[in-house]
Each structure stands twice: as structure tokens, then as C-alpha cells.
Amino acid sequence: MRVCLLTGHPDHPLLAPLPDLLGGRHRVTVFDADDPTAGDLGPTADLYLLKAHSPRAVALARRLERLGGQVVNGADATERCLDRVHMADLARRSGLPFPNTLHLARLSDLVDATAPGFPLIVKSRTSRRGDLVARLDRPERLGTLQGDWADEPVVVQEFIANDGLDHKLWVVGERVFVGLRGSPLDGAARKATRSLDPRRLPPGWLDLARAVGEVFALRIYGVDILDTGAGPMVVDVNPFPGCRGAPGAPLALAALVRQAVPRGGPPLRQAVASPVAVLHGTVRDLVGALDRDAGALRVASVRRKPGRGLTASYRSAAGPLVTVRLAESALANSVAGEPFSSVDPADFHGRWPGVLHCARIGLTLQSFPHDAELPALPVACATDPPDGRLATALTAAARTVVEDPQARVSAVRVHPVRYKPATRCVLRYHVRLSGGDELVFFGKLYRDSADATAAHQLGERLWAAAEHSARPAVVPRPLGLVEELGLVLTETAGGAHVGGQLPGTALLRPPRRPRDGVRPPWEALAASAAALAWLHTSPVASGRSAPDGHHYATRVQAWAQTLTGTVGELAGVVEPLAEALRRAKSTQPALVHGAFKPSQLVFCPPGHPVITDLDGTGQGDPALDVGYFLAYLRPRRLERAQHGNHAWYEAAADAFLDAYLAALAHQGADPARLAAVRQRAALFDAALLLKIASRRVRRLGSPRPAELRWVAAEIERCRERFGGGQDG
């Protein structure tokens, strides 16, 4: 086995004994990324230990990972810990106890900033040797720091009262070492480290240390914890610390190295037709080895996005939902799937159930509700008892709905409704009050807390606009924002006590078997059109832009590219469609949904639709929403619209479009604008048909020739309806 130490200090007490501890069967080399004479380094080792934390060393580690090298700790995990802003954000969103943190572009800005009250803690934003770490007991103390640090990017934290000692927990693989050290904020304190038996730590501290490793995806790390008297508080996370004062750390490091790259390994699987088939078998074997009670896994979904890798999910009768994310580089071999055919549980770091990652091939294995890109998901699902912040938000939401400031929550149940790994998750909360009433709220968890804040603020403005217009709201009532989790709470569509809600996909769909006398749901179509027209004419504006014709022209070509080499039916329609989209422009942008389709509507009752999922809302062409709706109103199997359901769809599409344009006319839109919206909607309709056709390929299926022939013909009909376009 070949082990490479990425460091400029191979004589460090933690690293120096490693060659002798591993024995002659293993070769240990050293590479210093910061040495300008060191040359280049390729992925020639079985394992790289990233001890250096310089930008050059982290960049080298990231390049090695992209080339298939296994790095401990990974480049992304290391970088997250070196940036104290990212560290604080991830810790808080994951539910770890961590001080409130404010970041400033430079220390001198602290004079004008709204900072926590004194005393407070000031640290350099970037963790490095010799960085700024100071306690300010009064404002005057700031002047003594400005001479050397005025332009230093900093973080400012509230001072947490404690016993004056740093509890330093070092985790090396499965071992945890503990040391006590005087606080660096006390200049007179002894800096010597005193070893402490981990078993003498208060209950829960070891679990907290291991949770930090799971959240930050670290295998060798240090956690600084303060004893506040009211519980532990994490104040720092250090990737690959020196572990001074932990005599057994070198032995633990050698054991981790042996486990990370085991001798030998299982034989390669037999070559199969698709690497995805190998992936499915690998996942089943891995989960079976990790949890013998999980039961047989069945594939629930598979989706690949060019350049962004593959995501798959698996269900079983006994265990939680299992999701897998696979890097694009691992899919390069489209025949045998060798990159992951020999993966072994020992190749992964992390915890199970939880998140496991194999850096060598970029394979991440997750058990719901754990998600490396949605670290707050376990907290959002932890309702027995609910997390403190979540419980506070749900209680406030319940009091708003029942209009009782004294209402108390006695129990909460949570169910996932829609989950997109690494992106977002919609949760349904059943909240029981002490009086026996049960309310239903929805929570949407975002990867980026800024997206959650924007969605909540937009929902509040739209709700206020509906109340001002004295009409039934066409958006759910916003009930709260848990900003540190990135969680937005809303009332169920139509109100908690309405009942009888019906999803748009159930109401706005053609019959499964066409038969005479089945007519479209006129009332629901008219109400949907009126709701969309209200959105497009509301006084609310968004700070971002929705995709325009130029954007969709590019996407049309990308969707068509996924179908190239299978059927040539689309050859003559894609470029003319893309060119028409580039020429189609709206001179009167409005607030548009961005993905308006039946699945984004909830009816309560059929005459009152509520628009959901406002994530893509922005200023743009209202024809985009109309085209989206028309495209997704068609039958699920597109070619079926040529047969018995064709008449149903044509009548439903005309009814929706006529009702929408009539609502705009009622708001004062002139005939020229209405005609232009109708024409441009035909182009977006055609573009979305191509997106739907490419869906099978993105889900690793094969396109149906009959379906593609129908799509090509339908795109031509849409272009004929466009007829050249007008500005509107």
C-alpha cells in the first residue's frame, strides 16, 4: 500500500512514527505542495493524508480527488473548516451548538457594525497559524488591534460564559482523545495540554464530537468545546490537528490508514451492459453489509444530469430511503462500471445510518433523513421531541392559525412529501395542540438559507397583496422562517380547517381510457387561468429574473442533444424552434411562476386553486407560464394525445388559454398584447415538449420513436401558431 503525506512537516509527532507503525509492507512518501521545487504530483498513491492546510495544498488535494485519488480529509471538508463563516453556517444549520456569528469584510468595520454586546470574541475569518483570536471586553480594546489587523476579514461571536478551559477532543478514525488546555483568550493561562480520560466527559459529549465529524465529513479532526454550565458549546473545528497531548494518536492514525485501504479486496464484478446496473448491485451489497435488517432494496428513481453526475434512490420494506450520488467521472466507462465495481465498506468514511463517502470515486451513500448537502434535514425531521427552534416556529405558526396566543403544541409528526437529494425537501407537519385540535403545516427545507429567506419574503408579499385585493389567496399563507435551518413553514392550501384538498394532477388530467361524453373540468381550468392572471398582474415584484427565450433556446438544443444518435425525427425542428425563441421577446415583463403546471396547484374546492412551489418565481415573460401549463396538461404518454385523448386536450387547452386572456383583458390588457402572449406561449409549449421527451434519457431510459415523431409534429404545429411573433 502506498501512502502519501501532504505536508511540509513530516517530522511532526503525529506523522513521524507512521512508517514504522505501518511496517515494511507499506510505503510512505511525502509531498510538500508549498515547495516550489517539488514539481507535480499525480494520483499514484492509494491514500493521501492532507495535513497541510494552505490554499495550494487544498487545491492539490481537490485535483487528486478529481483524478480518483482518496484523500483524508477531503478538500471540500478541509476548506469548510478553514473558513469560519462556512464553519458557523454549517454548524448552526445542522443543529450543532455553536455561537452566534457575524462576519465583516475587515476588522475596522466593527466600529459601525451591529455586533453582539461586549464582551465579544473576534477571530480571523480564515483559520491559519498566527491568525487573530482575541476577546474584547470593551469598545476601547478595538483600537489596540486595528494597527496590525484593521483590514483583516473577521468573524465576531458572542462571548459564551464557561469554566475557562478549552476541552479539545481529537477524533482519529474510531478513537477519541481528550485534552484540557487553558483558553487562548487568557494571555496568562498555561498553554500546556493535560490529557483527560474520555470516559470522564459529561454524557453526550462524545456523541457531539462524532456528530461534528459526520456533519463536516471528516475522519481526522479536532473539536474545541466549552463547558457552559448549561451544556457543551462547539467553538472550533480543526481538520487534521496535531493531537499534541494524545500519546495514542499515532497508533490510531496507523489503524485508520490500514482500514482506509485494506489489503487485497473483493474481485471485480463481471462486466455488465451498464455501469448503472453495477451501481445498483454495489449499493445493495453495501447496504446489506451495513444493515442486515434493511431488507431488499428496490430502485425508486434514477436521474443523470450532464456534468452533474447521477442520483439514485432506493426503498426497502424495513429500512429508510437510501440515496446515492455518483460523480460524473465515475460514469466515464459506459460498459463495465469498473470505477465502483470493487467498492468495499472500508472505502467509505462517515457513519451509518447517516452519510458515507468514498472519495476515490466520488460515491456518496445516504440514509434518509441524512443528506450531506442538506445538513439541517435531520433536525427538521426530529420531532420526538421537536428541536427547540423548530418547536418554537411550529408553536408560533399554530397560534397564528387558531388565533390563540396561549395555544400549546403537545405532539408533532412529520412525513416527507417530496425530496430532491442535495437540493430541497418538502415536509408535512401534523401538529397536535393540547386542546386536541390537529393542524397540518408544510415545511420546505432549502440547501441555501438565502433561497429560503427569499421564498418566505415573496410568500409574505403575495399573501399581503391577496388580502389587500379582498379575494381568496392563490398562494399558501406563510407561517414562519427558521433561517438557520433554511426551513420555510406555510399553512396547508386553503387553510388548516378546509379539508377536501385535491392535487392539480388529479383534477386536470384526461381520462385513462378515452370514452364518449368525458369533458374537461371547465371550472378548474378557468379558476387556474384566473389564478395565473392574478399572479401576472399582482403589484409584487421579485429581485431576480425568470428564464427568457434566449435561455430556453439554449436548453432546447441541450435537450435535443441528449436524443442525438437515436432517432432523427427532431433534426428539422430544433434549430428553427431555438431561433424563434431567441426572437420572441416580451416588452412587459411580469412576476411569473417559472414552472407553472398542474402539479403546482392544489384545489380546495375545484373553484379555488392555490399555487405552490414559488422557488423559480421571478420577473419574466408571462407566456412562459402559459406554455408550461399547456405542455404539462397533455397526457403522460405524449403520443397518446394523437388518439382518443386528443379532443379532450384540445378543448382543455383552448378553455384555459381563453380564460387566461379574458382575465388579462379584464385587467386592461390591449388586444395586441393578448395576441402576442398567445403566440409566444406556443413557443414555450414546444420547448417544454422537448424537455418532457428528454426526460426518459435523463432517467437512463430509451426514447420511444413514436413519441419523438409525435413531438416533432407537435413542435411544428406550435411554431405555426407562433407565426412570427410580436412584442407584447
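**A loop aspartate and its surroundings**

Mentor: Aspartate 615 lies in the loop that joins strand S28 (609-611) to strand S29 (618-620). The model is a predicted one, and what follows should be read accordingly. Although its place is in a loop, aspartate 615 counts as buried, because its relative accessible area is 17% and the limit for that class is under 20%. Leaving aside residues up to four places away in sequence, aspartate 615 touches Arg424, Lys444, Tyr446 and Arg544. With arginine 424 there is a polar contact between the two side chains, at 3.5 Å.

Arg424 falls within strand S21 (424-433), and Tyr446 within strand S22 (438-446); the buried residues of H11 pack against both strands. They also pack against helix H10 (377-381) and strands S20 (409-420), S23 (478-482) and S24 (487-491). The buried residues in question are Leu390, Ala393, Leu394, Thr395, Ala397, Ala398 and Val401. An α-helix has 3.6 residues a turn, so residues three or four places apart point the same way. Helix H11 (residues 388-402) has 15 residues, which at 1.5 Å a residue should span 21 Å; the end C-alpha atoms are 21 Å apart, so the two values agree. Just after H11, glutamate 403 adopts a positive phi of about 55°.

The nonpolar packing can be taken next. In soluble globular proteins, nonpolar side chains tend to be buried together. Here the largest nonpolar core comprises 79 residues, and those with the most contacts inside it are Leu462, Tyr552, Leu570, Leu581, Phe656, Tyr660 and Leu690. Helix H19 (residues 671-698) contributes the most to this core, with 13 residues. Apart from this core lies another, of 30 residues, which includes Phe368, Leu374, Tyr419 and Val431.

Beyond four places in sequence, leucine 462 touches Val475, Trp534, Leu535, Ser538, Val540, Leu591 and Leu614. Trp534 and Leu535 are among the buried residues of helix H14, as are Ala524, Leu525, Ala527 and His536. Helix H14 (residues 522-537) has 16 residues and reaches 23 Å from its first C-alpha to its last, close to the expected 22 Å.

Finally, the cysteines. Cysteine 604 counts as buried because its relative accessibility is 3%, and cysteine 718 likewise because its value is 0%. With a disulfide taken as two cysteine sulfur atoms within 2.5 Å, the model has zero disulfides.

Conventions
Residues are numbered from 1 along each chain as its sequence is written. This is a predicted model: local features need pLDDT of at least 70, side-chain atom pairs count only at pLDDT 80 or more; totals for chains, interfaces and linings use all residues. Side-chain values use heavy atoms; hydrogens and water are left out. Buried means under 20% relative accessible area, exposed over 50%, partly exposed in between (1.4 Å probe, protein chains only). Helices (H or I, at least four residues) and strands (E, at least two) are DSSP runs, numbered from the N terminus. The expected span of a helix is 1.5 Å times one less than its number of residues. A polar contact is a pair of N or O atoms within 3.5 Å; within protein, one must be able to donate a hydrogen and the other to accept it, and residues adjacent in sequence count only if both atoms are side-chain atoms. Contact means heavy atoms within 4.5 Å. A nonpolar core is a set of buried Ala, Val, Leu, Ile, Met, Phe, Trp, Tyr and Cys residues joined through side-chain atoms within 4.5 Å.
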